[in-house]
2 protein chains.
Amino acid sequence: MAIITVVGAGMMGSAITFPAAHNGNTIRLVGTPLDRKIIEHGQKTGEHLTLCHDVNGVKTSFKVPAGITFHYYEELDALLADTDLLLCGVSSFGLDFFCENVIPKIPEKVPVLSITKGMIDDGEGKGNLISYPEHMLKFTDKKLKINAVGGPCTSYELADLDPTTVTFCGPDIELLRWIKSLFETDYYHVSLSTDIRGVECAVALKNAYALGVSLAIGLSYRREGRVFEHYNSQAALFGQAAKEMYLLLDLCEGTAARNIFLGVGDLYVTVFGGRTRKIGTLLGEGKKFDEAMEILKGVTLESIVIARRTADAVLQMVEAGRANAADFPLLLHIRELLADNADVNVPWAKFETEFEG
Amino acid sequence: MAIITVVGAGMMGSAITFPAAHNGNTIRLVGTPLDRKIIEHGQKTGEHLTLCHDVNGVKTSFKVPAGITFHYYEELDALLADTDLLLCGVSSFGLDFFCENVIPKIPEKVPVLSITKGMIDDGEGKGNLISYPEHMLKFTDKKLKINAVGGPCTSYELADLDPTTVTFCGPDIELLRWIKSLFETDYYHVSLSTDIRGVECAVALKNAYALGVSLAIGLSYRREGRVFEHYNSQAALFGQAAKEMYLLLDLCEGTAARNIFLGVGDLYVTVFGGRTRKIGTLLGEGKKFDEAMEILKGVTLESIVIARRTADAVLQMVEAGRANAADFPLLLHIRELLADNADVNVPWAKFETEFEG
């Protein structure tokens, strides 16, 4: 049994603690300053304010399992004293907060497990993307062991105990085995990998491409004049996405042949998971990016940040001659949509290839 | 402009002629002896009897585009005389009929394009799978040029003009370019490849795995006690499927790194496309395979044939020491369901891996 402290009490930071709580571990959910209402509600009711079971629009909050308690951010220093594992549970929007405020105070002996998914420019200006664990290490001189979670998992489905497979990655396989022992249940299945870059890159790339696949949903609505989905076009975009992700993974030194499967699984769940799908659908229906963002105002669209960042990085790699623009027609079109407010005009013909062996 | 004769007037054999007809080619849809009602109905009404636009259960037949005519099988010999391209439009169930009756009468100068997807044992007893074009060549001494179509495409969505990407494969790139010129439209996009084995294997494998992914749909229904889908578990199975397909592709000498994208696109559309989804869902809900087949009596379940064949081949490869059973936990579970009427018990823990680099 271990004491796990989570910083960030949002949906994913909370849901991932369910299997650990079911295993009998002690969980402290610590809200960031943005999570005060979640903490207040949780302390009062034992329910999570934002993590919901949603059936056809009817939302029911989850009661958190026994062993999970809610805490304000001010308690963090005290809680760190006997913490065995620190979870980073913030979204990409909370990454700076976590790096600047939390990373420096983590004792060297306390390992970190981060659920925040994404890649970030390494700051050298050449379009090189690095993983969040690599980025976090820049904010401390201590030898922290920063692990991360990849794999197809939406928070509300995990909280619903839907069978879920994920990959924990980190620098030390023995440490990973111990972390796995805290989380593995009959509904939460954990693979392990010391290939941090590969795992994190594979699951970050899906953000841009989930938007790309869901363009087809909106295009169908537009063509049919009603809510009606077609799957040939979705599958065409899904296949093209998988191909571009494979090439990008290798460009990011992420070993595509090993990690692409994490990426396609994560892409699948993200196409159906909610927020990214909404913006892709709106764009497909004919809205400009600015209009779509206005319609979805108030919704956290982490994927858009990652999508922009990935697309910008690829453009930089193309400009530096390290990548071939012809290999990334879908991503570069997504970039036009996000950065230039362009109209959707899927470059189908550019997906065509010719192979003579 | 060319004269294209199709043998097999079912849904896919007919739908693929729509883009060719829109390009102004002359199409003769020749029914097999099983298609007589389709031919009779088509000649009378200009509509296709079984190819339907289905919106929430309301089915509307398609009027076929100008340039397509319907013919009984007895007319085939006469029609072959001025045919520029022969399409094999039968399902896997019609493959023997096509090989035994049609292949021997095709003139050497008439190239073939086959839409029948699948792999078949090479008959040597070692579990080696070959593509249908390779199999077809065994039925003639002539040097026929047999090409084939792979890629994510359901017939009714193609007939609906939903943007679709496919790959034509065949032995001769110049010939492939000519065939492409007959079919390419602004909604039907054709890649080309001379890697027949790789393309056909990639798109055949999806049959077994689409059943595997849709198990999660039925399992959700069962757990929830109602029609409610979860996507974490579907994505877990999708990712595992992609991984096993990648390994299988290489075992079949299908060059996974080049062709896996065709496989995952095709898997995606098949999970949503209908018949395979139905049987996977029923199995997930708790039906035995025999019961599920009884419920779906009358529905053509081509995928089941391919799924069994692939799973049997892998088992043979495992027994011969050429494949590792631990690499194919999902496919081997699917085999238990189909061959042994086993209960669904997804081997989630067997999907877990550990990589130390």
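Glu352(A) is located in the loop that joins helix 15 and strand 13 of chain A. In this predicted model, the residue has a relative accessible area of 19% and is therefore classed as buried, given that burial is assigned under 20%. When residues up to four places away in sequence are set aside, the contacts of Glu352(A) are with Lys180(B), Glu184(B), His189(B), Val190(B) and Ser191(B). Glu352(A) and Glu124(A), by contrast, are separated by 228 residues in sequence and by 34 Å in space, taken from C-alpha to C-alpha.

The loop between helix 15 (329-340) and strand 13 (354-355) of chain A also holds Asn341(A), whose phi is near 55°, a positive value in a residue other than glycine. Most residues other than glycine have a negative phi. Asn341(A) has a relative accessibility of 23% and so counts as partly exposed. In chain B, Asn341(B) is placed in the loop between helix 15 (329-340) and strand 13 (354-355), and its phi is likewise positive, near 55°. With a relative accessible area of 21%, Asn341(B) is partly exposed.

Turning to helix packing in chain A, the axes of helix 9 (residues 196-224) and helix 10 (residues 232-251) come within 9 Å of each other and cross at roughly 155°. The two helices of chain A are therefore roughly antiparallel, an assignment made for angles over 145 degrees, and helix 9 of chain A passes helix 10 of chain A in a right-handed crossing. On the side of helix 9 of chain A, the contact includes Gly198(A), Cys201(A), Ala202(A), Leu205(A), Tyr209(A), Val213(A) and Ile217(A), while helix 10 of chain A contributes, among others, Ser233(A), Leu237(A), Phe238(A), Ala241(A), Met245(A) and Leu248(A). By class, the residues of this contact between helix 9 and helix 10 of chain A comprise 13 nonpolar, five polar and two charged; Lys206(A) in helix 9 and Glu244(A) in helix 10 are among the residues that meet.

In chain B, helix 9 (residues 196-224) packs with helix 14 (residues 302-319) at an angle of about 100°, their axes lying 8 Å apart. This angle makes helix 9 of chain B roughly perpendicular to helix 14 of chain B. The contact is formed by Ala204(B), Leu205(B), Asn207(B), Ala208(B) and Leu211(B) in helix 9 of chain B, which meet Ser303(B), Ile304(B), Ile306(B), Ala307(B) and Thr310(B) in helix 14 of chain B. Seven nonpolar and three polar residues make up the contact of helix 9 with helix 14 of chain B, and no charged residues take part.

Helix 3 (residues 36-45) of chain B contains three buried residues, namely Ile38(B), Ile39(B) and Gly42(B). Because these residues cover an arc of only 95° around the axis, they are on the same side of helix 3 of chain B. The buried residues of this helix pack against strand 2 (26-30), strand 3 (47-55) and strand 5 (68-71) of chain B, whereas Lys37(B) and Lys44(B), on the other side of helix 3 of chain B, are exposed. Just after helix 3 of chain B, Gly46(B) adopts a positive phi of about 75°.

How values were computed. Residues are numbered from 1 along each chain as its sequence is written. Chains are lettered from A and ligands numbered from 1 in the order in which they are written. This is a predicted model: local features need pLDDT of at least 70, side-chain atom pairs count only at pLDDT 80 or more; totals for chains, interfaces and linings use all residues. Side-chain values use heavy atoms; hydrogens and water are left out. Axes are lines fitted to C-alpha atoms, for helices over the stretch in contact, and angles run from 0 to 180 degrees between N-to-C directions. Helices (H or I, at least four residues) and strands (E, at least two) are DSSP runs, numbered from the N terminus. Angles under 35 degrees count as roughly parallel, over 145 as roughly antiparallel, 65 to 115 as roughly perpendicular and the rest as oblique. A crossing is left-handed if the near helix is turned anticlockwise from the far one by less than a right angle, and right-handed if clockwise. Contact means heavy atoms within 4.5 Å. Ala, Val, Leu, Ile, Met, Phe, Trp, Tyr, Cys and Pro count as nonpolar, Asp, Glu, Lys and Arg as charged, and the others, Gly among them, as polar. Buried means under 20% relative accessible area, exposed over 50%, partly exposed in between (1.4 Å probe, protein chains only). The arc is that of the directions from the helix axis to the C-beta atoms.
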